[in-house]
Amino acid sequence: RIDNEVHRARNPSKIIANKPIPYAALCDVFEKLEEEAGRLKNLAIASEFFCDLLRKSSKGERKSDGEGPAAQNLIEVTYLMINRLGPDYEPDLELGLGETLLLKALGQSTGREMRHIRDDYHKLGDIGKVAQISRSRQPIMFKPKSLTIHQVFNNLTEIAKSTGNSSQSKKIGIINRMLAACEGQEAKFLMRSLEGKLRINFGEKSVLMALAKAFVEFEGGEQGDNDINAKALVIAQEQIKEAFSQTPNYEMIVRNSLKYGISHVAEHCTLKPGIPVKPMLAKPTKSISEIMDTLQGQTFTCEYKYDGERAQIHLMPNGDMRVYSRNSENMTERYPDLIPVVQELRAENPEIESLILDSECVAWDTEAHKILPFQVLSTRKRKDVQEKDIKVRVCLFVFDMLFYNGEPIIQKPLNERREFLYKHVKQIPQKLQFATKLDSTSTEEMSAFLDQSVHDSCEGLMIKSLYGSGSRYEPSKRSRNWLKLKKDYLEGVGDSLDLVVIGGYIGKGKRTGWYGGFLLASYNQDTGEYESVCKIGTGFSEELLANLREQLKPKEISQPKASYVYSRDNSNAEPDIWFEPYMVFEVKVADLTTSPIYKSGASYFGDGEKGISLRFPRFIQIRQDKSTEDATSSEQIVEMFESQAVMQ
Ligand code: ATP
């Protein structure tokens with residue numbers, strides 16, 4: 001094992017003013033984050049590093065044009081910390097290389113025998129640690145030139161972008177060159193980055209908060225008044241969250257923060273067609289009376305809750321269009337049939353120059369003129385979709401307008417946004433229609449509308465605040481001003497949960513040869529950890545179990561991830577097999593209960609020992625459209641548990 005202290009003394013990984021930033025400096029931070037458990041300490045570690053980097057690369061200037069080395073360095077470091085190479089809506093910037101390729105590169109660059117490398121990998125279950133051990137055993141004749149952040153960032157980008165026949169050997173070549181220059185823990189983090197799993201217990205939300213803190217300290221100079229700093233920090237965190245929800249692009253956020261100051265960044269990072277807005281989300285409710293209590297005194301509107309896929313439609317001034325998913329993924333190529341719809345929209349409404357619409361894309365029966373269930377939509381191909389092969393037709397049900405002809409309109413109340421929508425967009429029957437709505441607060445009318453929505457193949461209702469500042473569109477927020485009421489969940493817990501499959505149990509009896517059940521976890525957005533929440537074995541057909549074995553077998557790992565939080569004192573609850581965080585199950589549940597065995601939400605309430613668990617969980621479906629980080633958060637689980645406690 002390499003002694004980090006000795007390593008640091010030998011190879012100083014300090015940032016030196018106006019010099020390229022050594023990769024070792026960032027790896028030192030990664031190492032500390034991995035070792036340190038506390039969220040606040042981790043926040044301080046990351047923000048100190050960001051601030052040091054800003055100070056040393058800005059030649060003493062607190063503000064700049066946002067184009068200099070301070071911006072460039074911070075942008076690259078931020079992306080490396082969230083293990084991405086650009087905004088998530090940009091294609092071909094994904095890491096996540098397969099273990100076969102990485103082990104091969106490791107064998108080639110270190111000269112170790114593959115069987116030893118594989119043995120280590122099976123024992124440790126972490127390709128990064130194997131790389132670190134392999135490098136430390138390798139005799140080195142010449143001290144290689146140290147890696148810089150800039151080199152690593154560029155090399156990773158080149159790897160992510162290389163496709164085609166010769167890409168495999170090209171990737172291995174680049175990895176080998178970098179590995180040859182790695183010292184200490186650099187090889188560990190480099191390999192983990194390539195694999196797409198950094199394991200530093202520091203989620204994206206925390207990175208944003210650390211950036212805000214770093215800017216406050218940087219702008220405040222060396223010594224600041226604590227009180228003012230605390231206030232400035234709250235403002236900075238609000239600003240950066242707001243900026244990110246409207247422009248989820250770190251490059252723009254960093255440049256604008258340097259240019260205009262962190263306390264003004266949100267004004268300069270507003271919606272733009274072509275950049276997906278983080279969608280507004282709704283809180284679950286269990287009954288019309290709960291809605292009446294929550295929205296007391298407010299006028300609201302009810303809309304059909306369509307059961308399809310969220311689609312944010314962007315029309316750019318240059319005539320281009322894009323469709324973004326709930327997770328800001330560019331899915332324009334998956335829906336080539338929407339291109340002529342948008343062309344028709346432009347033709348019908350020639351005054352439109354640019355536009356962002358929020359809508360649900362729903363499977364549509366063109367003969368019977370009606371909505372088809374979500375299961376039909378999910379049979380559409382997700383890759384290489386050709387217009388001529390499309391069998392399942394879709395209709396867009398538009399429920400909001402966020403941007404019109406150069407102007408964001410999200411600050412306007414919903415009634416005004418709606419008027420804009422109705423005035424400037426002409427519906428195209430069976431292709432683009434407005435969401436069916438009812439502007440009423442009468443419980444009888446709402447109840448009848450709920451029944452009607454289900455009769456029309458919808459999931460239930462969305463209830464939205466209609467007037468005043470409470471009804472503005474709040475990007476990325478799960479807001480109390482939007483409530484969802486699903487027919488299937490009346491009086492239950494209000495919603496299904498989307499949970500990450502982290503473990504499996506060996507099947508017995510009829511399930512021999514398959515997994516007999518699974519261990520599920522919620523995602524803690526603050527720590528980046530997966531917290532165990534229940535064991536599930538109900539709701540699976542034989543066909544599905546066979547299919548799950550196919551899909552999950554390659555995701556088996558020999559040890560739990562460092563980011564898995566589960567009970568180590570109860571061998572009953574421990575799974576037989578661990579998986580990479582890869583698959584998300586939608587689960588229906590009777591209710592939530594506290595548990596000494598499961599850990600979901602433990603850090604948010606009580607003594608931190610007990611977590612929350614689900615009673616009688618039942619599998620509904622695999623959520624293809626959700627990444628593991630979009631799974632139900634531990635904070636949401638606590639909220640659901642608490643709202644249930646109030647109801648009882
Ligand atoms: P969430 O998006 O809340 O995390 P989820 O992805 O499981 O959860 P649902 O619980 O089904 O989705 O509910 C929210 C989704 O409902 C929205 O993201 C949107 O895609 C869809 N939706 C359908 N009709 C509407 C509508 N009229 N207004 C807003 N959203 C709607």
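Q: How many of the 648 residues of the chain count as buried, as a percentage?
A: Of the 648 residues, 43% count as buried. Buried means that 20 or more other C-beta atoms lie within 10 Å of the residue's own, with C-beta atoms placed from the backbone. This is a predicted model: local features need pLDDT of at least 70, side-chain atom pairs count only at pLDDT 80 or more, and totals for chains, interfaces and linings use all residues. Residues are numbered from 1 along each chain as its sequence is written.

Q: What does the radius of gyration of the chain agree with?
A: The radius is taken over C-alpha atoms, and the globule rule is 2.2 Å times the number of residues to the power 0.38. For 648 residues, a compact globule would have a radius near 26 Å; the chain has 26 Å, which agrees. Along its principal axes the C-alpha trace spans about 80 × 65 × 55 Å.

Q: How many helices and strands does the chain have?
A: Helices (H or I, at least four residues) and strands (E, at least two) are DSSP runs, numbered from the N terminus. Here there are 21 helices and 22 strands.

Q: In what order do the five strands of the open sheet stand?
A: Strands of a sheet pair through backbone hydrogen bonds, either parallel or antiparallel. Two strands count as paired if DSSP finds at least two bridges between them. The order is β1-β12-β11-β2-β10, with mixed pairing. β1 and β10 (437-438) are the edges; each has a single partner strand, so one side of each lacks a neighbour in the sheet.

Q: Which helix packs on the sheet?
A: Helix α19 (residues 443-455) does, touching β2, β10, β11 (460-465) and β12. Contact means C-beta atoms, placed from the backbone, within 7 Å. The direction of α19 makes about 135° with that of β11. Axes are lines fitted to C-alpha atoms, for helices over the stretch in contact; angles run from 0 to 180 degrees between N-to-C directions.

Q: Parallel or antiparallel: how does β11 run to β12?
A: They run antiparallel, joined by five bridges. In β12, Leu483 is the bridge partner of Ile463. Leu483 is also the bridge partner of Lys283. β1 and β12 (residues 478-486) run parallel, again with five bridges.

Q: Which residues are closest to the ligand?
A: A residue is near a molecule if its C-beta atom, placed from the backbone, lies within 6 Å of it. The ligand has 15 residues around it, the closest being Glu303, Arg310, Glu360, Phe399 and Met462. β1 (281-285) and β2 (300-305) are the elements that give two or more residues to this shell. β2 gives the largest share, three residues.

Definitions and conventions:
Two residues are in contact if their C-beta atoms, placed from the backbone, lie within 7 Å. A residue is buried if 20 or more other C-beta atoms lie within 10 Å of its own, exposed if 12 or fewer, and partly exposed in between; C-beta atoms are placed from the backbone.
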